[in-house]
2 protein chains.
Amino acid sequence: MQDAAPPATVSRLITYLRAVADLHGAGTAITSSDSLAATTGISAYQIRKDLAYFGTFGTRGSGYDVPLVHERLREILGLTTVWRVGIIGMGRLGQAITDYPAFGEYGFSIAAMFDHDPDVIGQEIAGITVTDIRHMPETTASRGVEMVLVTVPAAAAQGVAELAVGAGIRAILNFAPVVLRVPAGVHVEPVDFLAGLKRLSYHLRGLPVLKTPGRTQTA
Amino acid sequence: MQDAAPPATVSRLITYLRAVADLHGAGTAITSSDSLAATTGISAYQIRKDLAYFGTFGTRGSGYDVPLVHERLREILGLTTVWRVGIIGMGRLGQAITDYPAFGEYGFSIAAMFDHDPDVIGQEIAGITVTDIRHMPETTASRGVEMVLVTVPAAAAQGVAELAVGAGIRAILNFAPVVLRVPAGVHVEPVDFLAGLKRLSYHLRGLPVLKTPGRTQTA
């Protein structure tokens with residue numbers, strides 16, 4: 001038994017899975033750490049180290065067995081089961097997400113939609129009837145929903161997160177631009193596209209980072 | 001002169017900025033690495049190291065000067081200027097993004113919207129008239145657009161990215177679930193919410209990662 005892998009490792013595994021899934025889909029049987037490095041931008045050394053950590057995926061010197069790596073990464077990431085997902089907030093963002101085609105391919109199934117707006121409750125979106133958010137506990141229970149996407153405005157996000165946690169949800173994908181406070185044991189993944197814009201800003205700015213010489217602070 | 005900071009450092013700076021902006025907004029004058037660690041989930045040691053790298057932000061032992069750290073992080077990240085942003089693809093996702101209130105606060109201004117659908121071209125969304133995607137080069141030039149958000153379906157994303165690069169754009173925030181191939185010098189930041197779901201899947205799965213004993217592979 002080991003502890004869970006650190007977040008950076010999990011992110012790399014997700015990147016490897018995406019690359020290997022493409023190869024698998026294209027019928028490629030064998031790949032190498034150099035080839036994966038070229039596709040993913042992660043160093044071949046890091047790839048060898050990460051994959052060696054999780055098992056033996058081929059014969060030394062002859063490359064990785066693509067179907068084996070693909071299946072094992074899916075297992076490690078828990079993607080061999082179907083996760084039932086609920087969307088809280090069926091405004092434009094919530095609706096836009098239902099258009100996302102890659103959901104099903106990765107084992108995520110939208111099983112419930114919630115809103116508080118009487119005009120939206122009862123509407124059918126992508127084949128699912130929007131439920132009153134007040135009925136979240138019984139709906140998530142009866143439909144086996146284990147993850148929710150929070151797509152409400154920032155001011156409402158903490159409140160709906162608490163409702164979801166009260167309904168037994170332990171995994172939240174948060175699109176609202178606020179930090180959610182949740183009890184220990186509940187996982188929140190933020191989807192912060194402003195962070196992406198800020199990284200672009202940093203790159204476009206094009207200036208080197210200036211270092212002021214000085215001692216390490218102990219503040 | 002130094003090289004640009006590595007991506008993980010830039011991500012941490014963005015996290016610090018968010019925490020410090022909240023403190024600044026609340027009128028807090030002084031903070032500590034322990035306090036920032038509690039808010040951000042990054043270790044106090046890492047915070048002290050990162051901030052020391054960029055300068056001296058207070059008096060040893062008495063904490064960080066919040067307005068100073070806030071301003072300096074904004075400078076480092078290039079957020080003291082206003083970036084003009086274009087959105088390519090005014091479907092539900094593109095429209096949902098225009099609802100995002102935090103844009104302006106961080107110095108991003110939506111200056112152009114593009115689509116290829118004759119029914120959408122000419123429509124006014126959030127005060128901006130949607131331009132025919134064929135007029136991207138002259139529109140980005142005349143409006144000073146330097147970043148674009150790609151919110152078209154996956155199959156169209158590479159094509160519009162090439163149009164954007166041809167129009168002189170060097171920074172792309174990509175919402176489509178595909179890897180964009182761009183020339184050197186062009187930065188792409190993916191917004192991949194499936195990655196967030198996969199990380200949640202890994203956590204919910206709750207199983208320890210099994211290690212198969214064996215040598216490091218050299219594939």
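**The crossing of α2 and α3 in chain A**

Select helix α2 (residues 33-40) and helix α3 (residues 44-54) of chain A: α2(A) passes α3(A) in a right-handed crossing. A crossing is right-handed if the near helix is turned clockwise from the far one by less than a right angle, and left-handed if anticlockwise. Helices here are DSSP runs of H or I with at least four residues, strands are runs of E with at least two, and both are numbered from the N terminus.

The model is predicted: local features need pLDDT of at least 70 and side-chain atom pairs count only at pLDDT 80 or more, while totals for chains, interfaces and linings use all residues. Residues are numbered from 1 along each chain as its sequence is written, and chains are lettered from A and ligands numbered from 1 in the order in which they are written.

Keep the two helices selected. Their axes are 8 Å apart and the packing angle is about 115°. Axes are lines fitted to C-alpha atoms, for helices over the stretch in contact, and angles run from 0 to 180 degrees between N-to-C directions. α2(A) and α3(A) are therefore roughly perpendicular to each other; this term covers 65 to 115 degrees, whereas angles under 35 count as roughly parallel, over 145 as roughly antiparallel and the rest as oblique.

Which residues of α2(A) and α3(A) make the contact? On α2(A) they are A:Ser33, A:Asp34, A:Leu36 and A:Ala37, and on α3(A) they are A:Ala44, A:Ile47 and A:Arg48. Two residues are in contact if their C-beta atoms, placed from the backbone, lie within 7 Å. By class, this contact of α2(A) with α3(A) has four nonpolar, one polar and two charged residues. Ala, Val, Leu, Ile, Met, Phe, Trp, Tyr, Cys and Pro count as nonpolar, Asp, Glu, Lys and Arg as charged, and the others, Gly among them, as polar.

**Chain A as a whole**

Next, select A:Thr56, in the loop between α3 and β2 (58-59) of chain A. With 18 C-beta neighbours inside 10 Å, A:Thr56 counts as partly exposed. A residue is buried if 20 or more other C-beta atoms lie within 10 Å of its own, exposed if 12 or fewer, and partly exposed in between, with C-beta atoms placed from the backbone.

Now colour the two domains of chain A, domain 1 (7-76) and domain 2 (83-197). The bounds come from an automatic or database domain assignment. The C-alpha centres of domain 1 and domain 2 of chain A lie 31 Å apart. Chain A has nine helices and ten strands, and 38% of its 219 residues count as buried.

Select A:Ala126 in the loop between β6 (124-125) and β7 (128-132) of chain A. A:Ala126 has a positive phi of about 50° although it is not a glycine. Is A:Ala126 buried or exposed? With 11 other C-beta atoms within 10 Å, A:Ala126 is exposed.

Move on to A:Arg199 in helix α9 (residues 193-205) of chain A. A:Arg199 has 21 other C-beta atoms within 10 Å and is buried. Its contacts, leaving aside neighbours within four places in sequence, are with B:Val10 and B:Glu189.

**Across to chain B**

Select helix α1 (residues 7-25) and helix α2 (residues 33-40) of chain B, whose axes come within 10 Å and cross at roughly 105°. That angle makes α1(B) roughly perpendicular to α2(B). B:Thr15, B:Tyr16 and B:Ala19 of α1(B) meet B:Leu36, B:Thr39 and B:Thr40 of α2(B) in the contact. It consists of three nonpolar, three polar and no charged residues.

Residues of the contact include B:Leu13, B:Tyr16 and B:Leu17 of α1(B), and B:Val69, B:His70 and B:Leu73 of α4(B). Its residues divide into eleven nonpolar, two polar and one charged.

The last stop is B:His116, in the loop between β5 (108-115) and β6 (124-125) of chain B. B:His116 has 17 C-beta neighbours inside 10 Å and counts as partly exposed. Although B:His116 and B:Asp132 are 16 residues apart along the chain, their C-alpha atoms are separated by 5.7 Å.
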